[in-house]
Amino acid sequence: MLELKRIYWTRQILRLAYAAATVWLSASVVLALLPNRASVDIGQRATTASAMLRQMFDGVLAAVALPGAFIVALIIVAVVFRARDVRRRDPVRRFSRQQRREGMARAGGECEMEAGFRRRCSRPAEHGDHFYPWSKGGSTTLLNFVAACSRCNRAKGARIPSPGQQERLERRRRTYVTLDAPVSVGERQPLP
């Protein structure tokens, strides 16, 4: 659970930082293109169109240097995360028939994903989904198996579920899983 929280919040912070840097970059460009009142008041007007364009270009270049460097750093961090995810991938992507049978029996043939108002989806399960996505390093084990209807499976996609979703799924599983069966969900492949 702690690993999922760390991974989830790290990726959320990276997304927010990227969005903030994009806004910062856009604002810098807009502000650099606005006329500078101090230079107009003093009378330092450019005499030719090429001098005026050069002055605008230099202003924009100076304004986007810092946010641009920040965006490049964020892209490098994202590439490193993706490379680690690829190295973690389980060599087996599909659940075996036995795992699928056991997972579906554990769920009682119903979808285990969340519907509206954080309740269990009432549709019949059609798919065996990786709770922690395979593309992000989720293992192909019964511990990471979630029975899902096609609608919930498509809606989840390859997103990492939040720690709250994991807690709620484990809490719901306690109501329909036998006492000796594990209710925990989500398992990630270790780095090789």
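Where is Phe-117 found? In this predicted model, Phe-117 lies in the loop between α4 and β1. The residue has a positive phi of about 60°, although it is not a glycine. Phe-117 is exposed, because its relative accessible area of 83% is over the 50% cut-off. Arg-118 is found in the loop between α4 and β1 as well. Arg-118 also has a positive phi of about 60° and is not a glycine. With a relative accessible area of 57%, Arg-118 counts as exposed.

The loop between α4 (97-107) and β1 (127-130) also holds Arg-123. This arginine is partly exposed, at 31% relative accessible area. Arg-123 belongs to a patch of positive charge on the surface. A contrasting position is Gly-103, in helix α4. Gly-103 is buried, because its relative accessibility is 0%, under the 20% cut-off. Gly-103 and Arg-123 are 20 residues apart in sequence. Their C-alpha atoms are 16 Å apart in space.

Salt bridges were examined next. The whole structure contains six of them. One joins the side chains of Asp-85 and Arg-188, at 2.9 Å from N to O. This pair links distant parts of the chain, 103 residues apart. Asp-85 sits in helix α3 (residues 49-88), and Arg-188 sits in the segment after α6. Both residues are buried.

A second bridge joins the side chains of Glu-112 and Arg-173, also with an N to O distance of 2.9 Å. Glu-112 and Arg-173 are both buried.

A further bridge pairs Lys-156 with Asp-129. Here the closest N and O atoms are 3.5 Å apart. The partners again come from distant parts of the chain, 27 residues apart. Lys-156 is in helix α5 (residues 150-156), and Asp-129 is in strand β1. Lys-156 and Asp-129 are buried. Bridges with shared partners also build a network, which joins Arg-11, Asp-85 and Arg-188.

Arg-188 has a further relation, to Glu-3. The two are 185 residues apart in sequence, yet their C-alpha atoms are 9.0 Å apart in space. Glu-3 is placed in helix α1 (residues 2-33). Is Glu-3 exposed or partly exposed? Glu-3 is partly exposed, because its relative accessible area of 34% falls between the 20% and 50% cut-offs.

Which residues of α6 are buried? They are Pro-163, Gln-166, Arg-168, Leu-169, Glu-170, Arg-172 and Arg-173. An α-helix has 3.6 residues a turn, so residues three or four places apart point the same way. Among the buried residues of α6 are Pro-163, Gln-166 and Glu-170.

Leu-169 was also compared with Trp-134. The two are 35 residues apart along the chain, and 18 Å separates their C-alpha atoms. Trp-134 is placed in the loop between β1 and β2 (145-148). This tryptophan is buried, because its relative accessible area of 15% is under the 20% cut-off.

The surface also carries a nonpolar patch. The patch is formed by Tyr-18, Ile-75 and Val-79. Together these residues have about 280 Å² of accessible area. Val-79 is found in helix α3, the helix that also holds Asp-85.

Conventions
Residues numbered from 1 in each chain as written. Predicted model: local features only at pLDDT ≥ 70, side-chain atom pairs only at ≥ 80, totals over all residues. Heavy atoms only, no water. Patch = residues over 30% accessible without salt bridge, like charges linked within 9 Å, V, L, I, M, F, W, Y side chains within 5 Å. Areas by Shrake-Rupley, 256 points an atom, 1.4 Å probe, with all protein chains shown as cover. Salt bridge = Lys/Arg side-chain N within 4 Å of Asp/Glu carboxyl O. Lys, Arg positive; Asp, Glu negative; His and termini not counted. Charge placed at Lys NZ, Arg CZ, Asp CG, Glu CD. Helix = DSSP H or I, 4+ residues; strand = E, 2+ residues; numbered from the N terminus. Buried < 20%, exposed > 50% of the residue type's maximum accessible area, 1.4 Å probe, protein only.
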